Amino acid sequence: MAMACSGHMPVEAAKPQPRTHFLACDSPSNSRKIFASSLHFLGKDPAPCRRFHASHIKNAPFARRSKLAVSRSDSIRDYSLEVVKSFIPELVAMAKPDPLKIMLSGAPASGKGTQCELITKKYGLVHIAAGDLLRAEVAAGSENGKRAKEYMEKGQLVPDEIVVMMVKERLLQSDSLENGWLLDGYPRSLSQATALQEFGLQADLFILLEVPEEILVERVVGRRLDPVTGRIYHLKYSPPETEEIAARLTRRFDDTEEKVKLRLRTHHQNVEAVLSMYKDITIKVNGDAPKENVFAQIDNALSKLLEQGKATSGSLAA
Ligand code: AP5
């Protein structure tokens with residue numbers, strides 16, 4: 001039985017005359033997803049349409065309107081099958097590859113933050129670091145921040161009820177939907193990975209940085225942060241460029257040899273379970289090399305992904 005997708009109504013059985021609902025959408029990328037959904041709908045497979053509804057439409061800030069989807073009305077409009085078909089060339093013209101959605105994982109100090117700086121510079125993805133979001137809560141002195149700090153001090157995972165919604169909300173902001181995202185240090189447990197899946201948030205690639213343990217401790221102890229630019233330095237491997245920067249560098253409260261050992265233990269307890277969720281999209285990258293060489297490995301994988309994306313949207317347009 002054919003099904004229809006709507007913004008305000010639950011998915012429902014179609015009437016004998018096949019009809020679908022087209023929605024106001026907030027961005028070209030959402031238009032593309034509606035396009036993909038409508039193609040599946042025309043193929044009488046409602047599942048992608050339902051998934052799209054669950055993950056995007058309910059949360060979309062209906063700000064910028066697609067000229068195609070709603071030209072005269074802000075409400076949902078019904079279109080006959082023939083009209084839907086006539087939309088398709090326009091939708092194809094709007095189609096471009098989906099933005100990248102990447103997860104970057106690895107032990108403490110394996111270089112996640114350093115690589116994220118390089119990736120965002122080249123690919124313009126929105127960098128979402130669970131640790132940074134938590135430190136912002138700690139700095140703001142919020143209730144969540146106070147609770148989170150107790151766990152961070154002990155090198156343990158902050159409870160899901162704090163972390164999961166925080167990350168989800170950031171992933172669903174319009175810049176992340178529009179430009180793609182780079183998730184740093186999340187998920188770190190099976191329950192976090194499962195929660196993402198339930199929200200319909202799926203990554204294209206899971207990158208695991210591999211670095212021998214003895215090197216990690218040295219990296220943590222020598223790490224310094226620039227509070228003005230947010231850049232990550234290391235006293236030996238990536239020293240500050242000027243005296244002025246050197247004078248203002250700060251150290252993280254959990255960057256001691258004692259605490260990194262606790263963080264490493266937590267990492268080892270959880271990493272296999274997380275990897276098991278993403279084995280089909282995982283690449284392992286040798287992180288024990290100069291940061292430019294590590295980035296070259298990641299860059300290579302991301303370029304290939306983008307090429308594949310272009311090929312897919314090109315074949316839709318053909
Ligand atoms: P988080 O802030 O994520 O810390 P982490 O995972 O321990 O990782 P780091 O930020 O320490 O290291 P990194 O891999 O980013 O390395 P970096 O690039 O800085 O989490 C902190 C805490 O928050 C956790 O312990 C937990 O309590 C909580 N938390 C976070 N996420 C959570 C979640 N999902 N659920 C629950 N709780 C959560 O590099 C390190 C140093 O090495 C730098 O000095 C850098 O310059 C240097 N370096 C980097 N790359 C190289 C290289 N190739 N060669 C030489 N030096 C290098």
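## A ligand and its salt bridges

Helix 4 (112-123), helix 5 (130-140) and strand 10 (232-234) each put at least two residues into the shell around the ligand. Keep in mind as you look around that this is a predicted model. Helix 5 is the top contributor to that shell, with 4 residues.

Altogether, 34 residues surround the ligand, and the closest are Thr 114, Gln 156, Arg 188, Arg 223 and Arg 263.

Start with Arg 188, where an N or O atom of the side chain sits 2.4 Å from an oxygen atom of the ligand. Arg 223 does something along those lines, with a polar side-chain atom 2.5 Å from a ligand oxygen. Gly 185 uses its backbone instead: a polar atom there is 3.0 Å from a nitrogen atom of the ligand. On its own the ligand has 1,000 Å² of accessible area, and the protein covers 95% of that.

Now for the salt bridges. Side chains of opposite charge can pair when their charged atoms come close. How many salt bridges does the structure hold? There are 17, and here are some of them:

| Pair | N to O distance |
|---|---|
| Lys 122 and Asp 299 | 3.0 Å |
| Arg 248 and Asp 226 | 2.8 Å |
| Glu 241 and Arg 231 | 2.9 Å |

Take Lys 122 and Asp 299, which form a salt bridge. This pair links distant parts of the chain: Lys 122 is in helix 4 and Asp 299 in helix 13 (residues 291-317), 177 residues apart. Asp 299 counts as buried, at 15% relative accessibility.

Next come Arg 248 and Asp 226, also joined by a salt bridge. Arg 248 belongs to helix 11 (residues 243-248) and Asp 226 to the loop between strand 9 (223-225) and strand 10, so the pair ties together parts 22 residues apart in sequence.

The salt bridge between Glu 241 and Arg 231 runs from the loop between strand 10 and helix 11 to the loop between strand 9 and strand 10, the two residues being 10 apart. Glu 241 is partly exposed at 49% relative accessibility, and Arg 231 is partly exposed at 29%.

Finally, Arg 223, Arg 252, Asp 254, Asp 255 and Arg 263 are linked in a network of salt bridges.

Notes:
Residues are numbered from 1 along each chain as its sequence is written. This is a predicted model: local features need pLDDT of at least 70, side-chain atom pairs count only at pLDDT 80 or more; totals for chains, interfaces and linings use all residues. Side-chain values use heavy atoms; hydrogens and water are left out. A residue is near a molecule or strand if one of its heavy atoms lies within 4 Å of it. A polar contact is a pair of N or O atoms within 3.5 Å; within protein, one must be able to donate a hydrogen and the other to accept it, and residues adjacent in sequence count only if both atoms are side-chain atoms. Accessible areas come from the Shrake-Rupley method with a 1.4 Å probe; for residues, only the protein chains shown count as cover. A salt bridge is a side-chain nitrogen of Lys or Arg within 4 Å of a carboxyl oxygen of Asp or Glu. Buried means under 20% relative accessible area, exposed over 50%, partly exposed in between (1.4 Å probe, protein chains only).
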